[in-house]
Amino acid sequence: MTDKILILQSSPHFKDKDSVPKIMYAVIISLAPAIFTSLYFFRFKALVLLLSCVAACLTTEALFLFLRRKPLHSLLDGSAIITGLLLAMTLPPSLSPELAVIGAVVAMAIGKQVFGGLGNNIFNPALVGRAFLQAAFPVAMTTWIPPIMTKVDILTYATPLGNLKFENAVAQGTLTSLKDLFFGNTGGCLGETSALALILGGLFLLFRRVIDWRIPLGIFLSLTVFTGIFWLANPEKYTSPLFHILAGGFLIGAFFMATDMVTSPITPLGAWIYALGIGLIVGLIRLFGGFPEGVMYSILFMNTFVPLLNRYTRPRILGGRRKG
Amino acid sequence: MKVKTFPHGVHPPELKESTEEKAIHSMPPPDKVTIPLLQHFGSPAESLVQKGDEVYLSQKIGEGQTLFSASVHSSVSGKVLSVDMFSHPAGYPVPAVTIKNDGHDRISTEREKAKDPFSLSPEKIRQKVKEAGVVGLGGAAFPTAVKLSPPNDKPIDTIIINGCECEPLLTSDYRLMMEASDEILKGAELARIATGAERIIVGIEDNKKKAFEIFQEKIRDYPGEAVLLKTKYPEGAEKNLIYALLRREVPRGGLPFDVGIVVQNVGTAKAIWDAVHDGKPLYERVITVSGQSIKEPNNLLVRIGTSFESVIEFCGGLSEDADILVMGGPMMGIAQWSLDVPVIKGTSGILAWPSPPQRLEYSCIHCGRCIEHCSMVLVPTRLAKYVKYNNLTEAENWGILDCVECGCCQYICPSNIPLVHWIRLGKNKIISLKRKKNSL
């Protein structure tokens with residue numbers, strides 16, 4: 001009996017079942033409703049974009065891991081697939097697959113791998129890819145097509161937020177209906193059209209405790225309060241907070257982008273500040289900025305503050321006083 | 001009924017079913033015991049015996065030299081075979097006395113019984129507790145007499161009796177509460193008298209309702225109450241237990257004394273009673289022997305110094321699949337590489353199970369779960385990183401010395417980072433640097 005070989009390890013000897021790949025695959029599952037609605041509304045175009053982004057992300061990650069002589073198993077942790085899916089969800093359906101591939105390569109290479117791979121990047125990789133495309137191909141990135149079942153002239157089609165900003169939709173009374181925003185029968189990026197699908201996915205993530213509830217709630221609160229004040233002050237000019245929440249990239253940003261664990265604060269107070277900041281900047285850009293939409297820039301902007309927030313929002317240790 | 005608790009913590013599987021209905025069984029004393037002269041943190045006791053000496057059961061064989069060391073007693077009667085270095089379950093060699101059991105359990109005549117223990121002076125109680133070598137039986141084995149000696153400027157109002165047993169698998173405290181509730185309460189009353197406290201609070205987790213009902217009934221004869229706590233790890237950690245019961249925070253770097261509290265484990269309370277009432281030194285204790293790889297899990301009353309091998313053999317032996325052997329609980333216990341180590345005063349359990357499949361370690365993804373679950377509200381991922389890159393100053397600034405090594409962070413970490421391992425390493429480095437500085 002004494003010759004039995006025992007394993008020496010330090011405590012704790014028990015381990016929770018959750019792991020990085022499980023978390024990543026939960027995020028992929030949560031994206032399923034939004035993926036299905038994008039396939040429903042934009043059919044083949046959506047499929048091509050989704051596949052090319054995921055494939056390009058996986059290839060780029062593999063190449064970098066190989067160059068950095070890192071084990072290839074982290075390819076299977078699911079994070080590259082998520083970046084690919086999220087990037088595709090934020091692209092206009094009419095974008096050519098070549099440009100999508102460029103975006104995906106930038107997302108993985110500049111957004112993630114140059115920082116040292118999973119866990120070390122400062123900015124949300126998918127949004128880095130999208131920001132690059134927005135800057136490099138501004139026309140392609142703002143040409144919108146209607147969902148497959150709407151028969152409208154392509155050239156004049158605008159997103160609900162573009163309509164709001166540039167067509168003076170509130171005064172004209174041509175605002176997209178909340179019903180269309182909710183179910184997704186409107187123009188926009190692949191994954192942002194259906195509020196319902198995004199809310200379902202977001203609730204799954206909250207229920208599964210993958211994302212920090214403070215972040216979507218904080219963004220929601222600050223955007224609601226900010227746009228609500230203007231709406232109450234002048235409903236002739238400004239639209240309701242509900243419209244702002246259902247339209248554009250708000251829901252995908254609040255549930256799937258801002259909540260990216262790697263690029264959001266680790267402390268509870270930090271998460272609140274980060275979330276309130278994102279909501280406020282989205283509101284500022286939408287109401288007063290040059291772009292109709294501001295979710296991408298607001299998240300990237302607040303990403304820069306995360307290391308600082310982590311440092312200065314340290315939780316109070318049990319027993320108080322700094323030095324014992 | 002509303003149960004009390006603290007924020008944070010984790011819910012590991014409890015796995016107490018296999019032993020919770022097993023009444024405490026007295027294991028026959030082994031042929032040979034090896035009693036380490038160091039059973040806790042602090043300095044080793046000085047040996048009072050030599051090779052060849054005849055000793056009685058409960059005879060003092062090691063004398064505590066400093067304030068923070070406790071006396072050690074023989075757990076059998078017989079002949080001293082050697083006084084030599086021996087492996088300690090904490091993983092290093094310590095001086096130990098090996099005694100061959102003559103099987104008669106001859107008792108020395110010195111045992112002095114107290115007729116009316118409750119009328120003894122605090123000083124007398126402390127002295128008897130010290131004489132009996134009583135230490136905390138929850139695992140840390142802090143000398144109990146020290147805990148019963150609050151400084152004069154720190155008045156104590158409450159004695160907390162810790163009946164949480166929040167570690168998975170362990171049921172020895174539960175069985176003791178079921179079978180020795182009177183002794184536990186009497187010991188608590190003695191601790192109350194010794195510290196001048198006003199009341200006793202017995203804290204019991206709500207997965208031990210039966211024990212709670214017994215205490216709720218019996219504590220009516222004493223100044224105090226029994227309180228139900230939420231089943232959560234580490235509910236029984238001293239600082240968390242105090243916060244859960246009384247919403248008082250032990251200041252950082254401080255002791256429960258600072259907030260007017262003394263915490264004693266249920267087993268320690270019983271040992272106080274045995275020491276004061278019967279003059280019985282701490283030479284045996286109840287341990288849980290359990291886990292998937294133990295053939296006949298049980299709760300045993302074992303003599304201190306019995307080898308793990310004899311205890312496990314008494315419980316049917318290890319099954320073939322055993323990979324991990326732990327002294328203590330699965331969250332804070334110490335893994336063993338050999339069965340040739342003795343049961344010490346701080347041994348609450350001997351557990352064995354097969355190794356789970358190895359998992360990959362990923363880099364930190366900043367999920368923040370270690371912070372959310374840390375029982376001391378630290379930032380474990382950051383502490384581990386500081387230690388990894390040898391930035392001990394920052395690690396200390398971020399409170400590394402407040403870590404109690406409960407293991408919640410590592411339990412919950414989805415990246416499978418050995419957080420506690422890094423933090424423990426950092427703490428040891430910082431403490432040894434401080435020692436060096438002080439000795440210059």
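1. In what order do the strands of the open sheet of 3 strands in chain B run, and with what pairing? The order is β3-β5-β6, and the pairing is antiparallel. Strands here are DSSP runs of E with at least two residues, helices are runs of H or I with at least four residues, and both are numbered from the N terminus. Two strands count as paired if DSSP finds at least two bridges between them. The edges of this sheet are β3 (46–47) and β6 (72–73) of chain B, each of which pairs on one side only. Between β3(B) and strand β5 (residues 60–63) of chain B there are 2 bridges in the antiparallel sense, and S47(B) stands opposite G62(B) in β5(B).

2. A note on the basis of what follows. The model is predicted, with local features needing pLDDT of at least 70 and side-chain atom pairs counting only at pLDDT 80 or more, while totals for chains, interfaces and linings use all residues. Residues are numbered from 1 along each chain as its sequence is written, and chains are lettered from A and ligands numbered from 1 in the order in which they are written.

3. Domains of chain A. Chain A is divided into domain 1 (21–136) and domain 2 (162–311); such bounds come from an automatic or database domain assignment. The centres of these two domains of chain A, taken over C-alpha atoms, are separated by 21 Å. Across the boundary, 29 residues of domain 1 of chain A are in contact with 27 residues of domain 2 of chain A, where contact means that the C-beta atoms, placed from the backbone, lie within 7 Å. On the side of domain 1 of chain A that touches domain 2 of chain A, α1 (20–67), α2 (79–89) and α4 (125–136) of chain A each supply at least two residues. The most comes from α1(A), with 13 residues. By class, this side of domain 1 of chain A has 21 nonpolar, 7 polar and 1 charged residues. Ala, Val, Leu, Ile, Met, Phe, Trp, Tyr, Cys and Pro count as nonpolar, Asp, Glu, Lys and Arg as charged, and the others, Gly among them, as polar.

4. A helix pair in chain A. Helix α9 (residues 214–233) and helix α12 (residues 268–288) of chain A pack at an angle of about 35 degrees, and their axes are 7 Å apart. Axes are lines fitted to C-alpha atoms, for helices over the stretch in contact, and angles run from 0 to 180 degrees between N-to-C directions. The crossing of α9(A) and α12(A) is right-handed; a crossing has this hand if the near helix is turned clockwise from the far one by less than a right angle, and is left-handed if anticlockwise. Residues making the contact include I219(A), F226(A) and F230(A) of α9(A) and W272(A), L276(A) and L280(A) of α12(A). The contact divides into 17 nonpolar, 5 polar and 1 charged residues.

5. Chains A and B together. In the model, 37 residues of chain A are in contact with 57 residues of chain B. The side of chain A that touches chain B has 15 nonpolar, 13 polar and 9 charged residues.

6. Domains of chain B. Chain B is divided into domain 1 (25–111 + 281–353), domain 2 (112–278) and domain 3 (369–439). Between the centres of domain 1 and domain 3 of chain B, taken over C-alpha atoms, there are 31 Å.

7. The sheet of 6 strands in chain B. This open sheet has the order β1-β14-β13-β17-β15-β16, with mixed pairing. Its edge strands are β1 (25–26) and β16 (334–335) of chain B. Strand β13 (residues 284–290) and strand β17 (residues 349–353) of chain B pair in the parallel sense over 3 bridges, with T288(B) opposite G349(B) in β17(B). Helix α4 (residues 172–179) of chain B lies across β13, β14 (298–303) and β17 of chain B, and runs at about 125 degrees to β13(B).

8. A hairpin in chain B. Strand β7 (residues 78–87) and strand β8 (residues 93–101) of chain B run antiparallel and are joined by 9 bridges, with G78(B) opposite N101(B) in β8(B). The two strands form a hairpin with 5 residues between them, and G91(B) in the turn has a positive phi of about 105 degrees. β7(B) also pairs with strand β4 (residues 54–55) of chain B, in the antiparallel sense over 2 bridges.

Conventions:
Contact = placed C-beta atoms within 7 Å.
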